[in-house]
Amino acid sequence: MSIKAVIFDLDGVLTDTAEYHFQAWSALAHKLGVPFDRQDNEQLKGVDRMGSLQFILDKGGLQLPSDEKDMLAKAKNTHYQQLIENISDADLFEGVHPLFNRLKQAGIAIGLASASKNAAMVLNKLGISAAFDYVADAAAIRQGKPHPEIFLTVAKALGIPAQHCVGVEDSLAGLQSILDAGMYAVGIGEKQLLTDANLVYAQIGQLDLDEVLMLGRKAPTTG
Ligand code: BG6
Ligand code: MG
(Lines give C-alpha, C1' and ligand atoms only; values in the text may rest on other atoms or scores of the structure.)
(Ligands and ions follow the chains in the order given, each with its own letter.)
Protein backbone atom coordinates (compact mmCIF):
# COMPACT_ATOMS: atom_id res chain seq x y z
CA MET A 1 0.00 0.00 0.00
CA SER A 2 1.75 3.15 -1.01
CA ILE A 3 1.23 6.25 1.11
CA LYS A 4 -0.81 8.89 -0.72
CA ALA A 5 -1.75 11.25 2.12
CA VAL A 6 -0.37 12.41 5.43
CA ILE A 7 -3.00 13.78 7.80
CA PHE A 8 -1.68 15.93 10.61
CA ASP A 9 -3.02 16.90 13.99
CA LEU A 10 -2.26 20.54 14.84
CA ASP A 11 -1.90 21.27 18.57
CA GLY A 12 1.35 19.73 19.82
CA VAL A 13 2.32 18.40 16.39
CA LEU A 14 2.87 21.46 14.19
CA THR A 15 3.14 24.04 16.99
CA ASP A 16 3.23 24.20 20.77
CA THR A 17 -0.41 25.22 21.29
CA ALA A 18 -0.97 22.01 23.30
CA GLU A 19 0.87 23.84 26.08
CA TYR A 20 -1.58 26.77 25.89
CA HIS A 21 -4.57 24.42 26.03
CA PHE A 22 -2.97 22.89 29.14
CA GLN A 23 -2.43 26.30 30.75
CA ALA A 24 -6.03 27.36 30.08
CA TRP A 25 -7.51 24.09 31.40
CA SER A 26 -5.21 24.21 34.45
CA ALA A 27 -6.37 27.71 35.31
CA LEU A 28 -10.01 26.67 34.99
CA ALA A 29 -9.52 23.51 37.06
CA HIS A 30 -7.75 25.56 39.72
CA LYS A 31 -10.68 27.99 39.87
CA LEU A 32 -13.05 25.04 40.30
CA GLY A 33 -10.83 23.57 43.01
CA VAL A 34 -10.12 20.44 40.96
CA PRO A 35 -6.55 19.07 41.04
CA PHE A 36 -5.18 18.91 37.49
CA ASP A 37 -1.65 18.06 36.42
CA ARG A 38 0.24 17.18 33.24
CA GLN A 39 -0.62 13.51 33.64
CA ASP A 40 -4.34 14.40 33.64
CA ASN A 41 -3.65 16.59 30.64
CA GLU A 42 -2.35 13.62 28.61
CA GLN A 43 -5.90 12.21 28.75
CA LEU A 44 -7.25 15.52 27.46
CA LYS A 45 -4.95 16.00 24.49
CA GLY A 46 -6.97 15.61 21.31
CA VAL A 47 -10.27 15.62 23.22
CA ASP A 48 -12.78 18.30 22.18
CA ARG A 49 -13.69 21.30 24.33
CA MET A 50 -16.82 19.98 26.06
CA GLY A 51 -15.29 16.52 26.51
CA SER A 52 -12.27 18.11 28.18
CA LEU A 53 -14.45 20.19 30.49
CA GLN A 54 -16.46 17.09 31.41
CA PHE A 55 -13.22 15.26 32.30
CA ILE A 56 -12.31 18.02 34.77
CA LEU A 57 -15.82 18.17 36.25
CA ASP A 58 -15.87 14.38 36.65
CA LYS A 59 -12.45 14.45 38.30
CA GLY A 60 -13.76 16.96 40.83
CA GLY A 61 -17.06 15.09 41.26
CA LEU A 62 -18.88 18.22 40.09
CA GLN A 63 -22.27 18.18 38.40
CA LEU A 64 -23.32 21.39 36.69
CA PRO A 65 -26.28 22.42 34.52
CA SER A 66 -25.50 22.73 30.83
CA ASP A 67 -25.70 26.55 30.74
CA GLU A 68 -22.96 26.74 33.40
CA LYS A 69 -20.87 24.23 31.49
CA ASP A 70 -21.25 26.37 28.36
CA MET A 71 -20.07 29.42 30.32
CA LEU A 72 -17.00 27.59 31.64
CA ALA A 73 -16.10 26.24 28.19
CA LYS A 74 -16.46 29.75 26.79
CA ALA A 75 -14.24 31.19 29.53
CA LYS A 76 -11.55 28.59 28.84
CA ASN A 77 -11.68 29.40 25.15
CA THR A 78 -11.40 33.15 25.78
CA HIS A 79 -8.34 32.50 27.95
CA TYR A 80 -6.86 30.16 25.30
CA GLN A 81 -7.42 32.74 22.57
CA GLN A 82 -5.63 35.36 24.69
CA LEU A 83 -2.68 32.98 25.11
CA ILE A 84 -2.38 32.39 21.35
CA GLU A 85 -3.07 35.97 20.33
CA ASN A 86 0.53 36.72 19.43
CA ILE A 87 1.63 33.46 17.87
CA SER A 88 3.12 33.79 14.39
CA ASP A 89 5.08 31.85 11.76
CA ALA A 90 7.96 31.86 14.27
CA ASP A 91 5.91 29.43 16.40
CA LEU A 92 5.75 26.76 13.72
CA PHE A 93 7.88 23.81 14.83
CA GLU A 94 11.19 23.46 13.06
CA GLY A 95 11.07 21.02 10.18
CA VAL A 96 7.45 21.55 9.14
CA HIS A 97 8.19 23.55 5.99
CA PRO A 98 10.83 21.10 4.67
CA LEU A 99 8.48 18.19 5.44
CA PHE A 100 5.57 19.81 3.60
CA ASN A 101 7.87 20.60 0.65
CA ARG A 102 8.97 16.99 0.41
CA LEU A 103 5.38 15.75 0.60
CA LYS A 104 4.37 18.13 -2.18
CA GLN A 105 7.32 17.07 -4.35
CA ALA A 106 6.31 13.43 -3.85
CA GLY A 107 2.68 14.20 -4.79
CA ILE A 108 1.45 13.17 -1.34
CA ALA A 109 -1.66 15.02 -0.13
CA ILE A 110 -1.55 16.99 3.13
CA GLY A 111 -4.60 17.03 5.43
CA LEU A 112 -5.43 18.45 8.83
CA ALA A 113 -7.49 16.58 11.42
CA SER A 114 -7.58 18.86 14.46
CA ALA A 115 -10.32 18.71 17.08
CA SER A 116 -9.85 22.43 17.65
CA LYS A 117 -12.46 24.93 16.52
CA ASN A 118 -9.59 27.43 16.59
CA ALA A 119 -7.58 25.44 14.04
CA ALA A 120 -8.23 27.66 10.99
CA MET A 121 -7.17 30.73 12.97
CA VAL A 122 -4.01 29.01 14.25
CA LEU A 123 -3.08 27.86 10.72
CA ASN A 124 -3.49 31.45 9.56
CA LYS A 125 -1.28 32.81 12.31
CA LEU A 126 1.36 30.18 11.50
CA GLY A 127 1.13 31.11 7.81
CA ILE A 128 0.52 27.55 6.60
CA SER A 129 -3.18 27.51 5.61
CA ALA A 130 -2.35 27.22 1.90
CA ALA A 131 -0.21 24.11 2.42
CA PHE A 132 -3.23 21.91 3.14
CA ASP A 133 -5.24 20.07 0.54
CA TYR A 134 -8.04 19.69 3.08
CA VAL A 135 -8.67 20.96 6.61
CA ALA A 136 -11.38 19.26 8.69
CA ASP A 137 -14.01 21.52 10.22
CA ALA A 138 -14.03 20.45 13.88
CA ALA A 139 -17.52 21.93 14.33
CA ALA A 140 -18.89 19.48 11.76
CA ILE A 141 -17.45 16.38 13.43
CA ARG A 142 -20.07 14.55 15.48
CA GLN A 143 -17.86 12.04 17.25
CA GLY A 144 -14.57 13.42 18.50
CA LYS A 145 -11.27 11.60 18.96
CA PRO A 146 -10.71 8.75 19.90
CA HIS A 147 -13.51 8.00 17.38
CA PRO A 148 -12.05 7.71 13.86
CA GLU A 149 -14.60 10.09 12.27
CA ILE A 150 -12.29 13.09 11.85
CA PHE A 151 -9.45 11.17 10.16
CA LEU A 152 -11.92 9.29 7.95
CA THR A 153 -13.59 12.59 6.99
CA VAL A 154 -10.28 14.05 5.86
CA ALA A 155 -9.32 10.91 3.91
CA LYS A 156 -12.70 10.92 2.19
CA ALA A 157 -12.41 14.61 1.28
CA LEU A 158 -8.95 13.95 -0.16
CA GLY A 159 -10.38 10.99 -2.09
CA ILE A 160 -7.77 8.62 -0.65
CA PRO A 161 -8.63 5.29 1.01
CA ALA A 162 -7.61 5.02 4.68
CA GLN A 163 -5.07 2.29 4.05
CA HIS A 164 -3.05 4.75 1.94
CA CYS A 165 -2.99 7.36 4.71
CA VAL A 166 -0.66 8.14 7.58
CA GLY A 167 -1.93 10.10 10.59
CA VAL A 168 0.43 12.14 12.76
CA GLU A 169 -0.57 12.77 16.39
CA ASP A 170 0.78 13.74 19.80
CA SER A 171 -2.24 12.46 21.75
CA LEU A 172 -3.40 9.06 22.93
CA ALA A 173 -6.96 9.82 21.79
CA GLY A 174 -5.67 10.87 18.37
CA LEU A 175 -3.57 7.75 17.87
CA GLN A 176 -6.61 5.62 18.68
CA SER A 177 -8.59 7.61 16.15
CA ILE A 178 -5.96 7.01 13.44
CA LEU A 179 -5.63 3.29 14.14
CA ASP A 180 -9.40 2.74 14.25
CA ALA A 181 -9.62 4.57 10.93
CA GLY A 182 -7.34 1.84 9.51
CA MET A 183 -4.42 4.21 8.88
CA TYR A 184 -0.76 4.09 9.84
CA ALA A 185 -0.05 6.04 13.02
CA VAL A 186 2.96 8.23 13.67
CA GLY A 187 3.34 9.57 17.21
CA ILE A 188 5.07 12.81 18.13
CA GLY A 189 6.28 12.79 21.72
CA GLU A 190 7.43 10.20 24.22
CA LYS A 191 7.85 6.61 23.04
CA GLN A 192 6.93 5.21 26.47
CA LEU A 193 3.60 7.03 26.31
CA LEU A 194 2.63 6.65 22.65
CA THR A 195 3.00 2.89 22.64
CA ASP A 196 0.32 2.17 20.02
CA ALA A 197 1.96 4.24 17.28
CA ASN A 198 3.71 2.47 14.38
CA LEU A 199 6.56 4.96 14.67
CA VAL A 200 7.34 7.66 17.26
CA TYR A 201 9.54 10.75 16.94
CA ALA A 202 10.26 13.17 19.78
CA GLN A 203 9.47 16.16 17.55
CA ILE A 204 8.05 16.69 14.10
CA GLY A 205 11.48 17.93 12.95
CA GLN A 206 12.86 14.45 13.57
CA LEU A 207 10.23 12.70 11.44
CA ASP A 208 12.06 10.57 8.89
CA LEU A 209 9.81 10.66 5.84
CA ASP A 210 11.56 7.74 4.14
CA GLU A 211 10.94 5.60 7.22
CA VAL A 212 7.30 6.73 7.37
CA LEU A 213 6.72 5.95 3.71
CA MET A 214 8.19 2.48 4.29
CA LEU A 215 5.21 1.79 6.58
CA GLY A 216 3.18 1.56 3.42
CA ARG A 217 4.88 -1.71 2.62
CA LYS A 218 3.00 -3.56 5.37
CA ALA A 219 -0.73 -3.61 6.13
CA PRO A 220 -1.98 -1.15 8.78
CA THR A 221 -2.95 -2.71 12.10
CA THR A 222 -6.44 -1.84 13.23
CA GLY A 223 -6.37 -0.64 16.86
C1 BG6 B 1 -7.28 19.60 20.39
C2 BG6 B 1 -6.43 19.80 21.64
O3 BG6 B 1 -6.46 19.77 19.27
O4 BG6 B 1 -8.33 20.55 20.35
C5 BG6 B 1 -7.30 19.82 22.88
O6 BG6 B 1 -5.49 18.73 21.72
C7 BG6 B 1 -8.43 20.83 22.73
O8 BG6 B 1 -6.50 20.12 23.99
C9 BG6 B 1 -9.22 20.51 21.46
O10 BG6 B 1 -9.29 20.80 23.86
C11 BG6 B 1 -10.39 21.47 21.23
O12 BG6 B 1 -9.89 22.75 20.99
P13 BG6 B 1 -10.78 24.05 20.93
O14 BG6 B 1 -9.82 25.10 20.41
O15 BG6 B 1 -11.91 23.80 19.97
O16 BG6 B 1 -11.27 24.33 22.30
MG1 MG C 1 -2.56 17.34 19.49
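Author: The answers below take the fold, several residues and the ligand in turn. This is a predicted model, in which local features need pLDDT of at least 70, side-chain atom pairs count only at pLDDT 80 or more, and totals for chains, interfaces and linings use all residues. Residues are numbered from 1 along each chain as its sequence is written, chains are lettered from A and ligands numbered from 1 in the order in which they are written, and side-chain values use heavy atoms, with hydrogens and water left out.

Reader: How do you know that the radius of gyration of the chain agrees with that of a compact globule?

Author: The globule rule is 2.2 Å times the number of residues to the power 0.38, with the radius taken over C-alpha atoms. For 223 residues a compact globule would have a radius near 17 Å, and the chain has 17 Å, so the two agree. Along its principal axes, the C-alpha trace spans about 50 × 35 × 30 Å. The chain holds 9 helices and 6 strands; these are DSSP runs (helices H or I, at least four residues; strands E, at least two), numbered from the N terminus.

Reader: Why is Ile 56 called buried?

Author: Buried means under 20% relative accessible area, exposed over 50%, and partly exposed in between (1.4 Å probe, protein chains only). Ile 56 has 0% relative accessibility and therefore counts as buried. Ile 56 belongs to helix H3, and buried residues make up 47% of the 223 residues in the chain.

Reader: What makes Lys 74 exposed?

Author: Lys 74 has a relative accessible area of 60%, so the term exposed applies. Lys 74 is part of helix H4, residues 66-83.

Reader: Why are Arg 102 and Asp 133 called partly exposed?

Author: Arg 102, at 38% relative accessibility, counts as partly exposed because of that value. The value for Asp 133 is 47%, so Asp 133 is partly exposed. Arg 102 lies in helix H5 (residues 96-105), whereas Asp 133 is in the loop between helix H6 (119-126) and strand S3. Arg 102 and Leu 209 are 107 residues apart in sequence and 8.4 Å apart in space, C-alpha to C-alpha.

Reader: What is the omega angle of the cis peptide bond between Lys 145 and Pro 146?

Author: Omega is about 15 degrees for the cis bond joining Lys 145 and Pro 146. Most peptide bonds are trans. Pro 146 is found in the loop between strand S3 (134-135) and helix H7 (149-158).

Reader: Which residues are closest to ligand 1?

Author: Among the 13 residues that surround ligand 1, the closest are Asp 11, Arg 49, Ser 116, Lys 117 and Asn 118. A residue is near a molecule if one of its heavy atoms lies within 4 Å of it. The shell has 3 nonpolar, 6 polar and 4 charged residues. Helix H1 (17-32) and helix H3 (49-59) each supply at least two residues of the shell.

Reader: How do you know that Arg 49 makes a polar contact with ligand 1?

Author: A polar contact is a pair of N or O atoms within 3.5 Å; within protein, one must be able to donate a hydrogen and the other to accept it, and residues adjacent in sequence count only if both atoms are side-chain atoms. An N or O atom in the side chain of Arg 49 is 2.7 Å from an oxygen atom of ligand 1. Backbone atoms take part too: a polar one of Gly 46 is 2.8 Å from a ligand oxygen atom, and an N or O atom of Val 47 lies 3.0 Å from one.

Note on methods:
Ala, Val, Leu, Ile, Met, Phe, Trp, Tyr, Cys and Pro count as nonpolar, Asp, Glu, Lys and Arg as charged, and the others, Gly among them, as polar.
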